[in-house]
Amino acid sequence: MENQTDDAAGSAMDRLRRHLAEISDVEKAAGVLGWDQQTYMPPGGAEHRADQLATLSRIAHTWFTGDTTRDLLDAAQADAEAEGEDSDNAAIVRRNRREYEISRKLPNDFVAEMTHASILSNEAWQKARRTDDFALFRPHLEKMVDFARRSADLYGYEDHPYDALLNLYEPEMKTAEVKAIFDVLRPAQVAMVKAIGEKPKPRTDFLARDYPETGQENFGLKVVQDFGYDLSRGRLDIAPHPFETDFGRNDVRITTRYDRHMPTQAIYGIFHEAGHAMYEQNVSERFSRTLLDSGASMVFHESQSRLWENVIGRSRGVLTHYFPLLQETFPENLKDVTAEEFYRAVNVVKPSLIRVEADEVTYNLHIMLRFELELALICGDLEVKDLPDAWAAKMREYLGITPPNDADGVMQDTHWSSGSFGYFPTYALGNVMSAQIFDTALKAHPEIPDELARGKFDTLFHWLVNNLYVHGRKYLPKALAQKVNGQPLDPHPYLAYLQQKYGDIYGL
Ligand code: ZN
């Protein structure tokens with residue numbers, strides 16, 4: 001099946017753009033179905049929906065990986081380059097050629113076999129997690145590790161097979177760079193967790209009181225609109241596993257989930273997803289329907305969700321500003337609580353089993369543990385059968401706790417079950433990038449902290465839009481880091497941020 005790009009009108013670049021636009025349209029349409037699947041679809045719709053999504057994804061994949069894409073890229077290349085290396089058209093050709101070449105590395109039969117195995121593996125994981133039965137999941141995970149190794153060989157790499165996997169989520173990122181960053185963070189964060197463990201715990205009792213959902217929603221939406229999330233081009237719904245999705249820059253949606261006795265889950269979930277959404281809403285219109293109309297990479301994307309969720313949303317200045325509104329929204333729950341107590345409660349540090357519930361100080365340690373185990377699995381230094389023990393040993397070493405079972409230990413995340421190796425590091429590196437970008441913004445505008453404490457976000461927001469968001473995927477992450485921060489990804493600003501903030505809270 002062909003799309004309509006054999007229509008020969010216009011320049012080679014015009015034809016390439018039409019081709020990419022139609023692929024983008026199919027992907028966004030699949031996105032709408034995917035959003036509906038996770039928000040409003042009745043359970044009975046699951047089977048038909050899976051078929052519809054598979055068909056649309058096959059169409060987009062076939063169109064993109066077909067010879068037409070290569071021919072159009074070849075035909076447009078000279079004209080695009082003539083516009084200059086930094087031109088939009090040169091970037092559109094360059095980035096799509098990169099993705100095209102990656103997409104052609106795996107033979108179709110191999111992809112089909114791997115996709116089929118990953119669906120079975122994910123099903124087995126769901127059951128194994130429910131029944132805490134690692135033995136049930138083990139043969140599937142062994143297969144997924146094997147597929148990851150074979151994929152790495154097919155993609156090719158220079159130094160380390162894991163480089164080939166990382167590159168799928170964070171272009172050009174190398175295993176050695178991740179190791180170097182984690183080697184700076186690990187000892188410092190482990191030491192902080194230990195030191196904080198010996199200090200008195202802040203009071204958190206009031207966070208378990210009964211907070212009606214509408215209050216949580218109204219408060220979360222008010223704050224993210226102040227941040228800069230445009231609700232005339234966005235909306236908030238409920239989903240069991242919260243996410244952000246977009247169907248073009250003018251329709252960027254977020255979801256959250258509510259727990260009446262854990263209001264921080266929904267509120268900080270809204271901040272997090274709105275951080276992703278503001279990025280998507282502000283990619284330049286010039287990249288619409290070119291496949292460049294999205295955040296630059298996983299790390300850059302996560303840097304923005306973490307920036308708005310944590311660096312801004314959990315800051316003393318911002319929380320102090322919004323505390324009267326919180327008290328007005330939940331008068332009974334917060335009548336015996338001060339702004340400072342609230343600030344300390346939402347920044348409490350407590351080693352825990354579950355990554356997605358981890359605080360800022362312990363979070364990266366959950367990621368380092370996964371990264372080290374993934375490396376060992378891919379290199380063959382660790383066998384899947386020994387994974388639960390290796391997991392428990394690292395949990396004790398980094399966080400001082402032992403998982404009571406595998407369901408809340410090695411089987412807690414979905415990523416490995418579907419073969420996503422190389423994804424986890426981007427979460428921690430996003431944290432690292434968030435602090436570095438915030439530092440750069442402060443150097444340009446030292447007035448930002450005072451403004452944030454007055455609930456005024458536009459200086460920071462516009463700086464982010466103009467220096468980062470507008471570029472979309474025009475630049476690869478390393479070039480973009482250089483453009484935004486003037487230097488490569490560096491763990492020291494994040495470490496300084498943690499030490500300053502938590503040193504103050506816990507009197508370290
Ligand atoms: Zn995120």
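A crossing of two helices is left-handed if the near helix is turned anticlockwise from the far one by less than a right angle, and right-handed if clockwise. The views below show a predicted model, in which local features need pLDDT of at least 70, side-chain atom pairs count only at pLDDT 80 or more, and totals for chains, interfaces and linings use all residues. Residues are numbered from 1 along each chain as its sequence is written, and side-chain values use heavy atoms, with hydrogens and water left out.

**View A. Crossing of helix 1 and helix 4.** Helix 1 (residues 12–39) passes helix 4 (residues 88–103) in a left-handed crossing. Their axes (lines fitted to C-alpha atoms over the stretch in contact, with angles from 0 to 180 degrees between N-to-C directions) come within 12 Å and cross at roughly 55°.

**View B. Strand 3 and its burial.** Five of the five residues of strand 3 (residues 252–256) are buried, that is, under 20% relative accessible area with a 1.4 Å probe, protein chains only. V252, I254 and T256 point one way, whereas R253 and T255 point the other way.

**View C. Partners of strand 3.** Strand 1 (residues 234–238) runs parallel to strand 3 and is joined to it by five bridges; G234 stands opposite V252. Strand 2 (residues 244–246) runs antiparallel to strand 3, with three bridges, and T245 stands opposite R253. Strands pair if DSSP finds at least two bridges between them.

Note on methods. Helices (H or I, at least four residues) and strands (E, at least two) are DSSP runs, numbered from the N terminus. Buried means under 20% relative accessible area, exposed over 50%, partly exposed in between (1.4 Å probe, protein chains only).
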